Amino acid sequence: MTKWEYVTVPVLTHATKQILDNWGIDGWELVQVVPGPNPENLVAYLKRPLEAGK
């Protein structure tokens, strides 16, 4: 069974692609993007498998 590590990240709408592309290089997988507290922000939920021994 895979154990997952989760993170919630605030994302500015004008830099969404750049920010999410950078998160992907460390094995993070995008789960969902939802509207943030104001029109200029989004909130991204990401996950990645925990490494053995963690």
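Visitor: Where does Lys47 lie, and which residues does Lys47 touch?

Guide: This is a predicted model, in which local features need pLDDT of at least 70 and side-chain atom pairs count only at pLDDT 80 or more, while totals for chains, interfaces and linings use all residues. Residues are numbered from 1 along each chain as its sequence is written, and side-chain values use heavy atoms, with hydrogens and water left out.

The setting comes before the detail. The protein chain has 1 helix and 3 strands, arranged along the sequence in the pattern β-α-β-β. Helices (H or I, at least four residues) and strands (E, at least two) are DSSP runs, numbered from the N terminus. The C-alpha trace spans about 40 × 20 × 15 Å along its principal axes. Of the 54 residues of the protein chain, 20% count as buried; here buried means under 20% relative accessible area, exposed means over 50%, and partly exposed lies in between, with a 1.4 Å probe and protein chains only.

Lys47 itself lies in strand 3, which covers residues 41-49. Lys47 is buried yet has no salt bridge. A salt bridge is a side-chain nitrogen of Lys or Arg within 4 Å of a carboxyl oxygen of Asp or Glu. For Lys47, the nearest side chain of opposite charge is that of Glu29, 4.2 Å away. In counting charges, Lys and Arg are positive and Asp and Glu negative, while His and the chain ends are not counted.

Leaving out residues up to four places away in sequence, Lys47 touches Trp4, Glu5, Tyr6, Gly27, Trp28, Glu29 and Val31. Contact means heavy atoms within 4.5 Å.

Glu5 lies in strand 1 and is partly exposed, with a relative accessible area of 25%. Glu5 and Lys47 are 42 residues apart in sequence, but their C-alpha atoms are 5.5 Å apart in space. Beyond its neighbours within four places in sequence, Glu5 is in contact with Trp28, Leu46, Lys47, Arg48 and Leu50. With Arg48, Glu5 forms a salt bridge, in which the closest N and O atoms are 3.0 Å apart. Glu5 belongs to strand 1 (residues 4-12) and Arg48 to strand 3, so this pair ties together parts that are 43 residues apart in sequence.

Leu46 also lies in strand 3. Leu46 is buried, with a relative accessible area of 3%. Setting aside residues up to four places away in sequence, Leu46 touches Glu5, Tyr6, Val7, Val9, Trp23, Trp28, Glu29, Leu30 and Val31. One of these residues, Leu30, is 16 residues from Leu46 in sequence, with a C-alpha to C-alpha distance of 4.5 Å.

Trp28 is among the residues that Lys47 touches, and Trp28 is buried, with a relative accessible area of 11%. The structure holds 1 aromatic pair. Its members are Trp23 and Trp28, whose ring centres are 5.6 Å apart and whose planes stand at 70°, so the pair is edge-to-face. Under the rule used, rings of Phe, Tyr and Trp (its six-membered ring) pair if their centres lie within 6.5 Å; planes under 30 degrees apart count as stacked, over 60 as edge-to-face and the rest as tilted. Trp23, at 27% relative accessibility, counts as partly exposed.

The charged side chains may also be viewed across the chain. Side chains of opposite charge can pair when their charged atoms come close. The count of salt bridges comes to 2. Besides the bridge of Glu5 with Arg48, there is one between Lys17 and Asp21, with an N to O distance of 2.5 Å. Lys17 and Asp21 are 4 residues apart in helix 1 (residues 16-24), and are therefore separated by about one helical turn. Lys17 is exposed, with a relative accessible area of 61%, whereas Asp21, at 40%, counts as partly exposed.

To return to the part requested, Lys47 is buried without a salt bridge, and the residues that Lys47 touches include Glu5, Trp28 and Glu29.
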